[in-house]
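Welcome to a short tour of a two-chain model.

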Number of protein chains: 2
Amino acid sequence: MTLAEVDTPALLVELPTMDANIARLSSYLAMHAPDIRLRPHAKTHKSPDIARRQLAAGAIGICCQTVGEVAVMAAAGIADILLSNQIASSGKAQRLAAAAAAGSRVSACVDNPAQVKLLSEAAQARGVTLHVLVELDVGGGRCGVNTGEAAVALAAIVAESPGLSFDGLQAYHGRAQHMRSPADRKAAIASACGLAEAAVRVITQAGLPCRSVTGAGTGTFAVEAASGVYTELQCGSYVFMDADYARNEQDESVETPVFEQSLTILTTVISTPAPGRAVCDAGLKAMSLDSGPPSLARHAGVDFAGASDEHCKLNLHPGIALASGDRLHLIPGHCDPTVAMHDWILAHDGRVVTDVWPVARGW
Amino acid sequence: MTLAEVDTPALLVELPTMDANIARLSSYLAMHAPDIRLRPHAKTHKSPDIARRQLAAGAIGICCQTVGEVAVMAAAGIADILLSNQIASSGKAQRLAAAAAAGSRVSACVDNPAQVKLLSEAAQARGVTLHVLVELDVGGGRCGVNTGEAAVALAAIVAESPGLSFDGLQAYHGRAQHMRSPADRKAAIASACGLAEAAVRVITQAGLPCRSVTGAGTGTFAVEAASGVYTELQCGSYVFMDADYARNEQDESVETPVFEQSLTILTTVISTPAPGRAVCDAGLKAMSLDSGPPSLARHAGVDFAGASDEHCKLNLHPGIALASGDRLHLIPGHCDPTVAMHDWILAHDGRVVTDVWPVARGW
């Protein structure tokens with residue numbers, strides 16, 4: 001199938017660009033931080049096919065954000081999976097244990113003893129070991145214990161719980177990824193590193209081995225990689241990028257990999273009702289606007305002017321004309337929730353669809 | 001399955017409340033506007049099961065917003081389907097003709113001659129009749145011709161096109177649905193009525209029968225119903241309602257049906273990391289924030305404080321405590337795109353899941 005034959009709206013990934021992003025991060029880490037492990041976040045793509053490409057380029061495993069993703073990735077044979085999130089039901093704990101029983105190394109995060117109990121019970125019931133990381137809040141203000149002392153106390157409970165192995169800390173600063181200035185991002189991660197390092201120290205002093213400190217994202221990974229504290233990076237969006245990440249300013253004085261936009265929504269002009277206006281068939285159900293509008297960087301003189309359920313409106317600069325049936329590429333504002341709206345990712349080379357990958361939607 | 005056994009996040013509809021909403025609109029129209037036809041919009045629910053309940057309560061057919069919805073509804077045996085939207089590819093026109101060939105009466109909107117040509121070719125190729133409405137822009141500023149003269153010219157092209165039947169006008173004012181003040185909504189629809197009436201007049205003068213004038217939504221339908229211009233109402237959200245519609249002020253001086261919230265996202269507290277804060281497992285991938293945050297009206301003393309991909313944060317008033325594993329009902333900010341994020345709607349009676357309805361996602 002050629003791109004011209006693809007029905008719209010459709011979620012596309014330009015494969016050479018995505019593969020270059022994957023290679024770029026691996027090369028950077030091989031050169032600058034050879035001891036750091038890369039565990040890309042699969043919540044971005046929800047695709048075992050893309051996860052395999054990341055593993056082939058040197059990633060040691062993947063992260064998931066939902067138990068549904070873990071189940072799909074384990075069924076696809078992904079060997080090492082971290083649920084970078086908490087669970088609070090025995091049903092979800094049992095599904096994690098089932099993924100471990102199927103052969104994957106499965107880890108999960110905790111920030112309270114109730115979660116530890118659920119994981120331990122499920123692991124024992126299946127006769128498997130679940131690996132556990134204590135999540136430390138390093139500035140994201142979401143989940144996580146707030147002090148090194150609380151981390152030690154919880155780590156001790158994990159270490160004593162049958163069926164569980166205490167592996168270390170998750171110390172992810174989500175908010176820092178989208179701070180626009182490199183100085184702000186660096187300062188936020190410096191603070192995260194201080195908190196993580198202090199927690200590692202007290203945990204180690206308590207006699208518990210803290211083998212893993214996992215975190216970082218596409219916006220900050222170079223800082224964590226150079227920190228000497230983090231052992232593992234969770235970058236996800238770098239495979240696709242999006243309009244929001246494109247708004248992050250870069251520090252030109254340091255060498256960091258530059259990732260390119262590989263993900264687009266292919267959309268068709270369905271109406272040109274007035275001069276200077278076109279309406280396309282991709283709306284709120286085809287792309288998430290939570291982090292701002294899509295970018296029309298691939299189409300000079302065309303501005304995004306709003307979306308409703310199944311439409312987006314475009315304003316056309318003087319001299320620009322679009323006709324019913326014309327097709328455009330929108331770069332989503334936020335890649336992760338946009339991908340989750342689609343059942344399929346169509347991989348292409350700019351001309352031909354070379355692969356069709358299912359998206360592990362649902363929970 | 002009881003609600004307590006449902007894995008989260010999950011999309012729930014309280015069936016007695018939804019059925020009461022469906023009955024309330026039908027009774028209102030029977031009493032106040034018996035000549036008006038109701039053609040509810042299925043883009044809200046994407047569910048043939050719910051469409052059948054609307055038809056059983058007197059609706060004469062349904063609207064869809066995508067060809068994918070039309071195909072699913074036709075396959076489910078829905079007899080009368082209006083695509084309240086434009087198409088711009090022969091593939092989509094062929095799918096509409098296939099739905100007609102399968103036995104449904106299928107209509108679609110046009111606002112330019114290229115769309116008419118695609119529909120005519122597809123109808124001829126399948127040996128079916130497609131019904132066509134000329135869309136008139138009555139203030140929404142999205143699709144639609146802008147003058148009565150343009151409407152006549154396009155209606156004449158439709159009337160001359162083999163395989164097509166010219167049925168009338170679509171005159172939907174989407175923007176008016178969400179104007180907060182009843183006076184503003186009334187003024188917007190008064191203007192829409194003037195434009196639609198003028199277009200009907202010139203079309204009729206040109207010798208073309210304009211049997212149908214279709215439009216209106218949950219925010220304004222009482223005005224269109226009383227207008228003497230509209231013949232058909234397209235209300236969709238009234239079955240579910242949402243936090244955004246709840247912000248519309250109502251005119252207490254007139255009797256209009258009051259619809260109640262039947263749609264919720266069931267979510268579980270997965271973390272209580274700090275006093276006054278809880279984190280739940282429904283995020284940007286489980287509910288659309290495009291029209292504002294979800295409402296926590298069912299949970300006193302709990303405020304929505306933000307969402308990320310798979311989390312939402314809640315702030316708890318003094319004296320309010322939540323524990324890991326507690327479950328809450330979030331009322332989505334905007335029902336339509338929220339429904340499209342889910343594969344299933346779980347119908348319940350407040351205690352037990354009584355039905356599981358597939359959502360016609362995709363395009």
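## A buried pair to start with

K43(A) and D336(A) are both buried, where buried means under 20% relative accessible area, exposed over 50% and partly exposed in between, with a 1.4 Å probe and protein chains only. The two form a salt bridge, and their closest N and O atoms are 3.0 Å apart. A salt bridge here is a side-chain nitrogen of Lys or Arg within 4 Å of a carboxyl oxygen of Asp or Glu. K43(A) sits in the loop between β2 (37-38) and α2 (48-56) of chain A while D336(A) belongs to helix α10 of chain A, so this pair ties together parts that are 293 residues apart in sequence. Helices (H or I, at least four residues) and strands (E, at least two) are DSSP runs, numbered from the N terminus.

A note on conventions: this is a predicted model, in which local features need pLDDT of at least 70 and side-chain atom pairs count only at pLDDT 80 or more, while totals for chains, interfaces and linings use all residues. Residues are numbered from 1 along each chain as its sequence is written, chains are lettered from A and ligands numbered from 1 in the order in which they are written, and side-chain values use heavy atoms, with hydrogens and water left out.

## Other salt bridges

Over all chains, a search of the whole structure finds 38 salt bridges. One of them joins D49(A) to R52(A), with the closest N and O atoms 3.7 Å apart. Both residues lie in helix α2 of chain A, three residues apart, about one turn of the helix. An α-helix has 3.6 residues a turn, so residues three or four places apart point the same way. D49(A) is partly exposed at 23% relative accessible area, and R52(A) is also partly exposed, at 40%.

Elsewhere in chain A, a network of salt bridges links R37(A), R39(A), D80(A) and E232(A).

D242(A) lies in the loop between β9 (232-233) and α9 (243-246) of chain A. A polar atom of the D242(A) side chain is 3.2 Å from the backbone nitrogen of D244(A). Setting aside residues up to four places away in sequence, D242(A) touches Q261(A), I331(A), P332(A), G333(A), H334(A) and C335(A); contact means heavy atoms within 4.5 Å.

## Where the chains meet

In the interface, 54 residues of chain A are in contact with 54 residues of chain B. Together the chains bury about 4,100 Å², 49% of it on carbon and sulfur atoms; buried area is the accessible area (1.4 Å probe) that two parts lose on being put together, summed over both. R142(A), K285(A) and W363(A) supply 18% of the area that chain A buries against chain B, more than any other three residues.

Ten salt bridges are counted between chain A and chain B. Among them, D7(B) pairs with K92(A), the closest N and O atoms being 3.1 Å apart. R277(B) likewise forms a salt bridge with D137(A), at 3.5 Å between the closest N and O atoms. R277(B) lies in strand β11 (residues 277-280) of chain B and D137(A) in the loop between β6 (130-135) and α6 (148-160) of chain A, so the pair joins two chains. R277(B) is buried at 18% relative accessible area, and D137(A) is buried at 12%.

## Inside chain B

Helix α3 (residues 67-75) of chain B has the buried residues V67(B), G68(B), E69(B), V70(B), M73(B) and A74(B). They pack against α2 (48-56), β3 (62-64), β4 (80-83) and α4 (90-101) of chain B. Just after α3(B), G77(B) takes a positive phi of about 90 degrees.

A192(B) is found in helix α7 (residues 182-205) of chain B and is buried, with a relative accessible area of 0%. Leaving aside neighbours within four places in sequence, A192(B) is in contact with V138(B), H173(B) and Y230(B).

Notes:
Polar contact = N/O pair within 3.5 Å; in protein donor to acceptor, adjacent residues only side chain to side chain.
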